[in-house]
Amino acid sequence: MDGAWTLLEPIPETQLPELQIPQIEPSESEAPELQPLESEAPESQPAEIVETWTPERIEALTRLWEEGVTTAEIGRRIGVTKNAVIGKVHRIGLTPRVITQKPPPRRNVFDFTGPACMWPIGHPGEDDFHFCGEHPVAGKPYCDHHAAVAYIKPKEKSEAA
């Protein structure tokens, strides 16, 4: 072959072997009894439709929305998802809430004008966290007071042993 495709002729049916597929029928003891599903039973009644947005829920949604409650909390209170609340708010045309008040900017705890004592005061996660800020001892990151707390002088070795 030189790499070209070659069209093969189909095998004549007279040359194909005869395949015999055995038919297996289950015995009555092995065959499971099939029961119709309850939903397929002709005497079953149509399922009751549960309305998600009842007038009471819509009234509660409107009241909570106007109070400024978050969408997730509204959903928890009336028993639907946050996304369902957002969708219903848009469909019934409630006024979108716009946050006009910006949170106060966090102050930079490292905003110093020169060398400063770096002794932390308070917990880093709290708003009143800051550093001492006093003038540090030369060669140290702390002021006199905090350097006395941070550094312990080594004990002198006694020669009587």
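## The main nonpolar core

A nonpolar core is a set of buried Ala, Val, Leu, Ile, Met, Phe, Trp, Tyr and Cys residues joined through side-chain atoms within 4.5 Å. In this predicted model, the largest such core has twelve residues: W53, A60, L61, L64, W65, V69, I74, I78, V80, V85, V89 and L94. Two or more of these residues come from each of α1 (55-67), α2 (71-78) and α3 (82-92), and α1 gives the largest share, with four.

With 13 residues, α1 reaches 18 Å from its first C-alpha to its last, close to the 18 Å expected at 1.5 Å a residue. Its buried residues are A60, L61, L64 and W65. Viewed down the axis of α1, they fall within an arc of 130 degrees, so they line one face of the helix. An α-helix has 3.6 residues a turn, so residues three or four places apart point the same way.

The buried residues of α1 pack against α2 and α3, while the face turned away from them carries the exposed residues P55, E56, E66 and E67. After α1 comes G68, with a positive phi near 95 degrees.

Not counting residues up to four places away in sequence, T71 touches W65, K82, V85, I86 and R97.

Terms used
Residues numbered from 1 in each chain as written. Predicted model: local features only at pLDDT ≥ 70, side-chain atom pairs only at ≥ 80, totals over all residues. Heavy atoms only, no water. Buried < 20%, exposed > 50% of the residue type's maximum accessible area, 1.4 Å probe, protein only. Contact = heavy atoms within 4.5 Å. Expected span 1.5 Å × (residues − 1). Arc of directions from axis to C-beta.
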